[in-house]
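Hi,

Here is the structure I promised to send over. Have a look at it first, and then read my notes below.

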Amino acid sequence: MMAATASYPRRWRAPGLFGSPGRRLAFWAVVLAYLAWSLSTLNIDTARVLAGLPRAWTILERMVPPDFSRWHLLLTGMAESIQIAIAATIAGAVFSVPLGIAAAANLSPRPLYLAARAFIVVGRTFHEVIIAIFFVKLFGFGPVAGLLTLAFSSAIFLGKMLAEDIENMKPGPVEAIRATGASFGQTFFYAVVPQVLVKTLGVLIYRLDSNLRHSTVIGIVGAGGIGQTLSASFTRYDFDFASAILLTIAAMVAFGEWFSDWARRRLR
Amino acid sequence: MAAEVQAAGRPRPLLAVEGLAKVYPTGKKALGGVDIVIDRPQLVAVIGSSGAGKSTFIRCINRLVEPTAGRVLLNGQDIVALDRKGLRAARRRIGMIFQEYNLVERLSVMQNVLSGRLGYVGLLAALRYRFPPQDIQAAFALLDRVGLAGYHDRRADALSGGQRQRVGIARALMQRPDLLLLDEPTASLDPKTSRQIMRLVRELVAERQTPAIINIHDVALARAYADRIIGMKDGLIVFDAEAGSLTEAALTQIYGEEDWSSPQEEDEDIPAGAAAMASLGMTS
Ligand SMILES: Nc1ncnc2c1ncn2[C@@H]1O[C@H](COP(=O)(O)OP(=O)(O)OP(=O)(O)O)[C@@H](O)[C@H]1O
Ligand SMILES: [Mg+2]
């Protein structure tokens, strides 16, 4: 009996990330070689970097007492950004429901599912800023382009999250409700909605928060809101006004984050 | 038994299953032509090893699993031939009870019970939980009957397993079904609760004159509470008789000789390892 045990190995180690020491060496060698190569090709001009530093200093100096005298401009831009964010979140949410259902493999027929997934993949390929540039070209400068941009990307994002939630729900309750003779709509509202509602609301609030942040960025390419005001102040070298705008944006984003956390905690 | 119910001169069987077969898309032949007739309200237990096709059989009856061939006649109407609308109407008359209860956990007990009536109300009424007063009354009465009076506003995820299964039973009975299907309703419950649930089901079958088909792994429970036992093996019925006539020989026929002691997958060569474990004192 003891002989049988003695023949088993006494040493065992968890497998490493690279499998063998040779492969680990090769990995680090490749990483170092790449770093050396990219630094040599980037052509970092030390003289230009050094010249930029004092310029950064003068800009910072001119920003220092932030200038809130044009507060009405600031307020209008801010209100526009917030309105864009809220309207875009609502519009996105409305469109995300059919999109999410269509993109859920366990609810939607195969061809519709594939079409919806393809739409989501294409929609997610482009960053908000790129979509904003496109919509600005279509509808001109202003908040309409911004609203459409964020509504579009919100619908895609919320639709994808909803589809994933629906796919991860428990199939049992759905089956049970279907077995009572309920229609598709009834099954959806009785078995699917209760399972995904809380998480979906959480995602919605999160999206409102991030739309608030996005709305400041897309303004820079001319899609309305405080971002447009900011970009204008930079081109006019109004650095003290720009710093006032930046401070206000920071305050709003912080508030949005706090609100989003607070609201999502209360959802439990 | 005293509760034995005799149906007086029914013109046709309550349920007749003819040549019911199912081949899954994987190519697995789970049901190979099953025939049964239920001509009176009785509790029919289906036993058989894991993978014998019990769940497939029960799910083919209300077409949660689409059968490949065969007929399911409920009060003379072939369920397999129905279109979607007809199927929904037929499903209203078949109550189903699940091992995992399958309640909607975020909803209250009352909402879960009332969902048994969904087949009878429109979408808008269902959305606002506007059920007819007689449905609400029936729901309260059923909750009382299954021993859950006063629990109507509890959330389903705040109940114990036995209580959840009672809600599941009440939901199925809300349909006023002509047939009850139960897929291992006691498999997640302790022995005492299991017996209570079996007793309840048996009483309900007698009270409501509704036949019930119940998949069950516990042969003792089946013997104690069922009127009739069907044994399945490899997708076929190999035993179908009164509960009292289930002999050891019949059990061997259903479960097979070797199934009594070892798992059904192909035996692996474990003796050497077992000896080594014994020498390390790792087996009790
Ligand atoms: N959706 C499915 N796709 C493919 N094969 C399936 C599917 N469902 C069941 N099967 C197979 O069909 C056979 C019968 O399964 P079924 O679930 O009916 O058995 P069961 O008797 O209910 O078993 P258990 O006692 O474990 O619940 C099994 O071999 C199973 O692997
Ligand atoms: Mg089963």
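This is a predicted model: local features need pLDDT of at least 70, side-chain atom pairs count only at pLDDT 80 or more; totals for chains, interfaces and linings use all residues.

I'll begin with chain B, which has ten helices and ten strands. Of its 284 residues, 41% count as buried. If you take the contacts in chain B with a separation of 6 or more, residues 24 or more positions apart account for 70% of them.

Next, the ligand. Which residues are around ligand 1? You'll find Tyr24(B), Thr26(B), Lys28(B) and Ala30(B), then Gly48(B), and then the run Ser50(B), Gly51(B), Ala52(B), Gly53(B), Lys54(B), Ser55(B) and Thr56(B). Helix α1 of chain B (residues 54–61) gives the most to this shell, with three residues. By class, the shell around ligand 1 has seven polar, three nonpolar and two charged residues.

On to where the two chains touch. Chain B puts 26 residues into the contact and chain A puts in 20 residues. On the chain B side, α2 (84–92), β6 (94–98), α4 (123–127) and α10 (271–279) each supply at least two residues.

From α10(A), the contact uses Ile226(A), Thr229(A), Leu230(A), Ser233(A) and Phe234(A), while α11(A) brings Phe241(A), Ala242(A), Ile245(A) and Ile249(A). Seven of these contact residues are nonpolar, two are polar and none is charged.

Tyr101(B) has a phi near 65 degrees, a positive value in a residue other than glycine. Tyr101(B) sits in the loop between β6 and α3 (109–114) of chain B. Is Tyr101(B) buried or exposed? With 26 other C-beta atoms within 10 Å, Tyr101(B) is buried. Glu184(B) also has a positive phi, near 50 degrees, and is a residue other than glycine. Look for Glu184(B) in the loop between β7 (179–183) and α7 (191–208) of chain B. Glu184(B) has 20 other C-beta atoms within 10 Å, and a residue counts as buried at 20 or more, so Glu184(B) is buried.

Cheers

Methods. Residues are numbered from 1 along each chain as its sequence is written. Chains are lettered from A and ligands numbered from 1 in the order in which they are written. Helices (H or I, at least four residues) and strands (E, at least two) are DSSP runs, numbered from the N terminus. A residue is buried if 20 or more other C-beta atoms lie within 10 Å of its own, exposed if 12 or fewer, and partly exposed in between; C-beta atoms are placed from the backbone. Two residues are in contact if their C-beta atoms, placed from the backbone, lie within 7 Å. A residue is near a molecule or strand if its C-beta atom, placed from the backbone, lies within 6 Å of it. Ala, Val, Leu, Ile, Met, Phe, Trp, Tyr, Cys and Pro count as nonpolar, Asp, Glu, Lys and Arg as charged, and the others, Gly among them, as polar.
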